[in-house]
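I set out to record, entry by entry, what I looked up in this model. The notes follow the order in which I consulted it.

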Amino acid sequence: MSARTKTPQAKSGRQKPPSSARLPRRAPESQLIAPAVGRVVTADIGSVHTRVALYDLVEGQFRLVGRAQALTTAAPRGYDVSEGLRRALTELGAFSGLNFLSADQEQRLLLGEEYGNTFVATASGGKPIRTILVGLMPNVSLESGKRALESTYVELVDALDLLDVRTIEQQVNAILRAAPDLILIVGGVDSGANAPVRALIDTVRLAAQLMPSNKPIVLYAGNAALATYVREQLEDHVVLYVTENVRPSLERESFDPIRLELALLYGDYRARTTPGFKTVQDASALGVLPSVESYGNIVRYLANAGNRQQNVLMVDVGSSTVTICAMVRGALNVTIRSDLGLGHSAVSAAEAVGVRNLARWLSFEPTPDEIMDYVWNKTLRPATIPELTRELEIEYALARELIRAALRTSRQGWAGVPINAPLPPMQPIIGVGSVLAQPINPGIGALLLLDALQPQGIADLRLDPYGVMASMGSLIHLEPLTVVQVLETGGLLNLATAICPVGKPSGTALEAKVVYADGRSREVRVPAHTLRVVSVPAGQKAQVSLKLGRGLRLNGKRRLTFEVEGSAAGLIFDTRGRPLVLPRDLSRRAELLPKWYAAVQEID
Amino acid sequence: MPYYPETTVVLGSTRIIREYKLPPNAIGHVEVNQGSTVTPDTVLLAGTVPSEVIFLDAVKLLGLRSADQITEEMLQVPLGEVYEAGVPLLINGKGRRAKKVVTPKRARFALFEAGRVLLQTDPQPVAVYALMEGRVNSASDTRVVLETGGALIQAAWGNGKASYGALAFAQEQGALERLGFEDEEDSGQVMVLPESIQSAAVFAEATEKRWRGIIAPSMRSALREQARRLSIPVILTEGFGILPYSEIVFNLLESNRGRFTTLDAVEPSVWRSERPEIIIPTGPSSRLRTPEVNLPVVAGATIRVTRLPHMGRVAKVLNLPESPITVENGLRVAAAQVQFSDNLEIAFVPLANVELIGRPLDAPSRPQA
């Protein structure tokens, strides 16, 4: 395996290093001026589906103009991932009248500047990168290393540090047993002591020399003074990446260089291990970036988009992972649970959340093995969809519990927010994933988010059914203005506005008057412990005046008036109370759950 | 637009090409040559899997003060080889007073640097067998590609084991035509069970009757760990729960009753492409073609359904409506209108829940797009 070093540079040389202030807080007045790029084609390669999208100028603004998807073709024999991309591009071409593939048998990708478009690709599919973290102090450099790793799809299998009680011999054996794909070495402040970091580097080298095949990737992000030593020691034995110190001083952390390097490394790793990935990587302006890195960019943008900084929450329920990306009190927190998923990871997910917790969302008593048999079959055939009502209920139960489990993990890292406290206000809450985006009715997607997250107050629920988060989050590195335009012209679907009062509801929980822009109005009275939906069509606005029942508050008030935007599912009044309590008695559940499903689909 | 589903090969006669590799952590070599013919017992690759690494302080053991004092002459054996316990690796001095570094146990002399000897101890031998008759297509340092012809059934789950034997059906073991694999210790039979495995009793029976493998349509997922602990392969053709055989699978098994059968019960991993397979080899033949797996669903194609309520049923595609269809639970999805082969019933099934069965390119009934 040839050794090499990489520096964080875009292939086109146009890439800007990520920063927390990549985008303007508001779309600039000049947004009608066309951005530098022409047409934009994006691809997101997931575990099950490969989604492509086309963005183009419409009336002076960039908009999503077409999308298509095909099954990801990574797993079966004889396939490679570029095949799935070609299939999706064929469909996109048929819709748009454009050619994204050469007409010959080779079907070359006609993507990139030379073909008059910008192509960016992201991926979330595939096996997480088995990673060992090596650093000096557990609560200093190792902590920084762990946070840097949150930006990509890794499985942390071991960690070595100065306080490790194992001998060098035991540490070498631990590395060999773990068979890591990636070893991240952090530690040592710049111009700090060298000897302890050198010792750790030597341990890594010894282990790498003893690996019979598949030399690991090593990313060094420690004391900058040791970069030359690292190259001398490791270059011949590993695939080496060197970047800036993630912890240049005790007081300062520098995440942007290492996160960018991890993003580039992810693409290179996939290219080495997944047939066809290199073809996609070569066509993309930035290689193939991890989708989660893109999510982080968009969440950060949305949090800063208003006049004041706000909290934003994004939930991606995938086949192999559940990702939570939260901007809370100005800090970005990314959680990837590779053990949770609705397809590839369905078995580990059911084991993690527990069959009993799943059963409480069902309106029937499952047979002893029913849920586990279901998830095992789902793992064997992750692309399939439930046809029976009974199976769909299990799927929805899984979705709720997976979000809850991932949220619990995520909240451990939310500084200043107690884990057991109610969910702090999030504007917006964004759902990603087929189970949320393609249910029977948009109301079901909203219901699943409400049940799992249990927001309080006024919750703006949005959906990303077209993969905009992943594609725009990567394009942000090249064309931030395009991203602003797409997001501000409906790139994300307004799913619902949920009104979730706090307190103990009884009798009539609230009375509401909804006044539409055309002067029409509706008055509704919502009893306690129910869900009620009032239509506010997408593209319209309405003024809502609320009077809450005794013991209930919304944003601390009993009476308030506010404006809402139209949405696919409508204005949802959720008076079920918080925390949501599900009846243990099956007959009560069998009565209640179908009512909830029906309520969110019946728009007044 | 064309929809390309997964393909699960269920074919009575096809060209089968399979790659064999040593385990990822093994050090070894190829035992066969390109073009050679192999039998089920042929070892294709052999090697060792090292266990723990141990460090020996050569400076101390050789009675020296620093690593610089170790000379090339002190090195007694080449690096990279496996040595039995007690073999001197380095010697300082001569005669009875000589200081030595010796292997404390059987080990591979992996590395010598900075005054340290690194040994990979207790290397365990590993061998990769052909498990079927065939011809070696190619052989490189760590991989062998084997070709044969015959019936191929790709299955849903396996317990990670592999074996071969005569294909027998559970109800009529006594009447089975034997192939000569059996002896007092071994039935020589790969057993096809008539229905889903719902109790571990069948595993006890397999051990008692010395079966060489088990084929069943499905199994309770709770029995998975017990199945994994068996030394013989277990293959589920459909999945978990109480699922019957797909008609096409059962018919193919029945038509090969008594034939030599290889079970490669690879345990499907989320991230691996290998699938458990039942192979009934007839040897390589230039007439046979590999199944095509890169086909879209088209009208006239034969498909198999992969979800309830029609799980495992084989059908012919009649029509592919452009608009989504609402299925029983209310989901609106892209679907195919199909006619089932067992009772000619016509129904809509979601495209996401169909698979092709890998008809070879030259098959006469290949659907035309």
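Which residue of E4(B) stands opposite B:Ile27? I found B:Thr48 facing B:Ile27 there.

I noted the conventions next. The model is predicted, so I kept to the stated limits: local features need pLDDT of at least 70, side-chain atom pairs count only at pLDDT 80 or more, and totals for chains, interfaces and linings use all residues. Residues are numbered from 1 along each chain as its sequence is written, while chains are lettered from A and ligands numbered from 1 in the order in which they are written.

**Sheet in chain B.** I traced an open, antiparallel sheet of three strands in the order E2-E4-E11; strands are DSSP runs of E with at least two residues, helices runs of H or I with at least four, numbered from the N terminus. Strands E2 (27-30) and E11 (124-129) of chain B are the edges, each pairing on one side only. Pairing requires at least two DSSP bridges between two strands; E2(B) and E4(B) (residues 43-49) have four.

**Contact between chains.** I recorded 44 residues of chain A in contact with 43 of chain B, contact being C-beta atoms, placed from the backbone, within 7 Å. Elements giving two or more residues to that side of chain A include strand E3 (61-71) and helix H12 (389-411). H11(A) gives the most, with six residues.

**Domains of chain A.** I read domain 1 as 29-122 and domain 2 as 129-273, bounds that come from an automatic or database domain assignment. Their centres, taken over C-alpha atoms, are 35 Å apart.

Note on methods:
Two residues are in contact if their C-beta atoms, placed from the backbone, lie within 7 Å.
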